[in-house]
Structures are given as C-alpha cells and as structure tokens.
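Subject: Structure handover

Hi,

Here is the structure I promised to pass on. Please open it alongside this email and follow the notes below.

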Amino acid sequence: MDPFTMMLIGGSALADFDQASAEAQQAERKYLSNRVNAAAARDLKIQSLNARMIQEGEAAASQKQQLGIAALKKAERAKVAAGEAGIAGRGVDTLVNEFETARLRGVSTVNAQTKALRNQIEMEKMGISAETLNRINSLPRGQAPNFLAYAVKAGAQM
C-alpha cells in the first residue's frame, strides 16, 4: 500500500476519533446540565413542601390555641353560672373537666393530623428525590472513545 493511502486511512481514523471525542464531550455537557437542572428543580419542590409544612404547623398551633381558649371560656362561664346559682361541688368540677377533656381530644386530633401530614410530605420529598435521580439517569454520560480501537480500525483498513 502506498504511503498516501496509508495517510488517508490514518487521517480518516483520526478524524473519526476526534468526532467521537467531540460527541462524547457534548453528551457529557448535556448530562451535567441536566443534572444541575434536575437538582435545582428538586430543591425548589422541596422548599415548597417545607413552606407548606411550616404553614400547616402554624395553622395547627393556632387551632390548638383556639381550642384552649374556647375550653377556658366555657369552663369560666360554667363556674360563674354555678356561683351565681349557688351551686358548687362535684357537678361543677365534672362539667369543667368535660370542657378540658374536649380540648384535649381536639388537640390530639390536630396532633394526629399534623403528624400524618408530616409523613405525607416526607414521602413526597422521597418521591421527588427518586424523580430527580430518574431524570438525571435519563441521559447517558459522555464516554471518551478508545484511541486504540480507532488505531486498530485504521490498521485493519490498510
């Protein structure tokens, strides 16, 4: 084989290698860009869920406070009414205790709902993380070509 043909085959193999290298670099850039964007989207979604958790916690605290205030008002009204009527003793204490019992049941319900919501939000966060990983893995990473394979290919053509 003449040297000119050998140079053409070698140059062609080198050009193919350069093209494959450029494609690998482009694929890696796409992968990294996708990874950064997926992580940013995940972070925004999780921040939104955290804000929701805070808002729900504040609403629950307010609801528990309202339950406490309502129970106190009812208990004090009952004590005043009993005092004005000249009634005292266990019956009044039992009535006051019922108001406190109702308040505690309400607080327990609010606590259970808040806990269930927290668990749900945590599960949503895990789902978001899984989605992010799937999105990241949806694009292949750029793989640098093997120069030896292109050299062998060029040698085989000679």
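Start at Ile 46. Setting aside neighbours within four places in sequence, Ile 46 is in contact (heavy atoms within 4.5 Å) with Lys 125, Ile 128 and Ser 129.

Before you go on, note that this is a predicted model: local features need pLDDT of at least 70, side-chain atom pairs count only at pLDDT 80 or more, and totals for chains, interfaces and linings use all residues. Residues are numbered from 1 along each chain as its sequence is written, and side-chain values use heavy atoms, with hydrogens and water left out.

Which residues form the largest nonpolar core? They are Ile 46, Leu 49, Met 53, Leu 117, Ile 121 and Ile 128. Helix H1 (3–85) and helix H2 (90–137) each give two or more residues to this core. A nonpolar core is a set of buried Ala, Val, Leu, Ile, Met, Phe, Trp, Tyr and Cys residues joined through side-chain atoms within 4.5 Å. Buried means under 20% relative accessible area, exposed over 50%, and partly exposed in between, with a 1.4 Å probe and protein chains only. In soluble globular proteins, nonpolar side chains tend to be buried together.

Now the overall picture. The protein has three helices and zero strands. Helices (H or I, at least four residues) and strands (E, at least two) are DSSP runs, numbered from the N terminus. Buried residues make up 21% of the 158 residues. Of the contacts with a separation of 6 or more, 93% join residues 24 or more positions apart.

Look along H2 next. H2 has 48 residues and reaches 70 Å from its first C-alpha to its last. That is close to the 70 Å expected at 1.5 Å a residue, where the expected span is 1.5 Å times one less than the number of residues. Its buried residues include Val 92, Gly 106, Lys 125 and Ile 136.

Last, the charged pairs. How many salt bridges does the whole structure hold? The search finds seven, each a side-chain nitrogen of Lys or Arg within 4 Å of a carboxyl oxygen of Asp or Glu. In one of them, Glu 124 meets Arg 52 at 3.7 Å, N to O. This pair links distant parts of the chain: Glu 124 is in helix H2, Arg 52 is in helix H1, and they are 72 residues apart. Glu 124 is partly exposed at 30%, and Arg 52 is partly exposed at 29%.

Best wishes
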